[in-house]
Amino acid sequence: MKRSKSSRALLVVTGLMGISVAFQNCMGSNNFELASLTGDAIESGTSVDHPGGSTPTPSTQAPLLANRYQIQSLLMDTFKDPSVADTAGNNRVLSKLLISTVVARAGTFGLPCDSGNPMLDVSSGADCDGTVVAPMNQPATTLRAAYKIQACEQILSNDVFVNNLMKKIGGTAPAVDAANISTLLAFFYRGDDPEAGMITGMQMADKMAVQADASIKLVDRWRLLMMVACESTGWEAL
């Protein structure tokens with residue numbers, strides 16, 4: 001037997017009212033509770049069971065640091081002679097130095113090997129030390145710091161690279177002042193304005209070096225400040 005449209009509408013309304021009443025009754029019973037996921041419920045915990053009885057913990061994110069290619073690129077750009085190719089003269093020496101101290105350390109600085117990348121090694125085409133499967137990013141470690149310090153010290157032990165950067169800062173004999181120290185820091189802290197306290201601290205370091213040796217050469221005064229900037233950790237943060 002067919003029902004009229006009004007009869008069917010009445011059945012639908014009646015059914016919805018019944019569901020609504022049943023739902024409200026369940027909400028008032030002990031068998032149906034909604035666990036709040038905000039406020040005190042998170043702090044005091046909930047009755048929700050987790051697989052294996054585990055307790056949920058907040059996720060953490062370590063600071064993202066530059067990988068080996070990024071560090072190689074920054075140091076190469078900072079200390080090279082821009083008038084010649086990266087594969088020529090002392091630029092070739094600098095490139096090979098960075099290959100051995102930074103690029104070859106995929107497991108320390110992050111980013112997997114790519115033996116087909118022609119930009120990595122000007123002499124052999126080898127990418128890294130066999131770490132084919134390496135993390136994209138690596139955290140700060142003592143070993144990472146040691147390799148970076150090694151790279152900085154080897155670069156700055158060569159007067160050619162010190163003079164290259166001095167010329168970029170302010171000519172062949174740049175004065176050791178706040179403006180030029182700020183320029184020096186800008187080569188490492190790309191896109192960031194150096195803090196006044198950092199500039200003041202480097203001025204004090206230079207003053208102490210001059211007090212300790214009044215005959216210290218300008219190239220060695222800048223070598224000291226370049227070493228401080230190069231070995232600092234802040235410029236690696238992305």
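Predicted model: local features only at pLDDT ≥ 70, side-chain atom pairs only at ≥ 80, totals over all residues.
Q: Why is leucine 74 called buried?
A: Buried means under 20% relative accessible area, exposed means over 50%, and partly exposed is in between (1.4 Å probe, protein chains only). Leucine 74 has 14% relative accessibility, so it counts as buried.

Q: And why does serine 232 count as buried?
A: Its relative accessible area is 15%, so serine 232 is buried too. You'll find serine 232 in the segment after helix 10, touching Lys148, Tyr189 and Met198 if you don't count residues up to four places away in sequence.

Q: Where does leucine 74 lie?
A: Leucine 74 lies in helix 3. Helices here are DSSP runs (H or I, at least four residues), as are strands (E, at least two), numbered from the N terminus.

Q: Why is helix 3 called roughly perpendicular to helix 7?
A: The axes of helix 3 (residues 68-79) and helix 7 (residues 159-170) come within 7 Å and cross at roughly 75 degrees. That makes the two helices roughly perpendicular, since angles of 65 to 115 degrees get that name, under 35 is roughly parallel, over 145 is roughly antiparallel and the rest are oblique. The axes are lines fitted to C-alpha atoms, for helices over the stretch in contact, and angles run from 0 to 180 degrees between N-to-C directions.

Q: Which residues make the contact between helix 3 and helix 7?
A: Helix 3 brings Asp77, Thr78 and Phe79, and helix 7 brings Phe161, Asn164, Leu165 and Lys168.

Q: How do you know that helix 7 has close to its expected span?
A: The expected span is 1.5 Å times one less than the number of residues. Helix 7 has 12 residues and reaches 16 Å from its first C-alpha to its last, close to the 16 Å expected.

Q: Which residues of helix 7 are buried?
A: They are Phe161, Val162, Asn164, Leu165, Met166 and Ile169. The buried residues of helix 7 pack against helix 3, helix 4, helix 6, helix 8 and helix 10.

Definitions and conventions. Residues numbered from 1 in each chain as written. Heavy atoms only, no water. Contact = heavy atoms within 4.5 Å.
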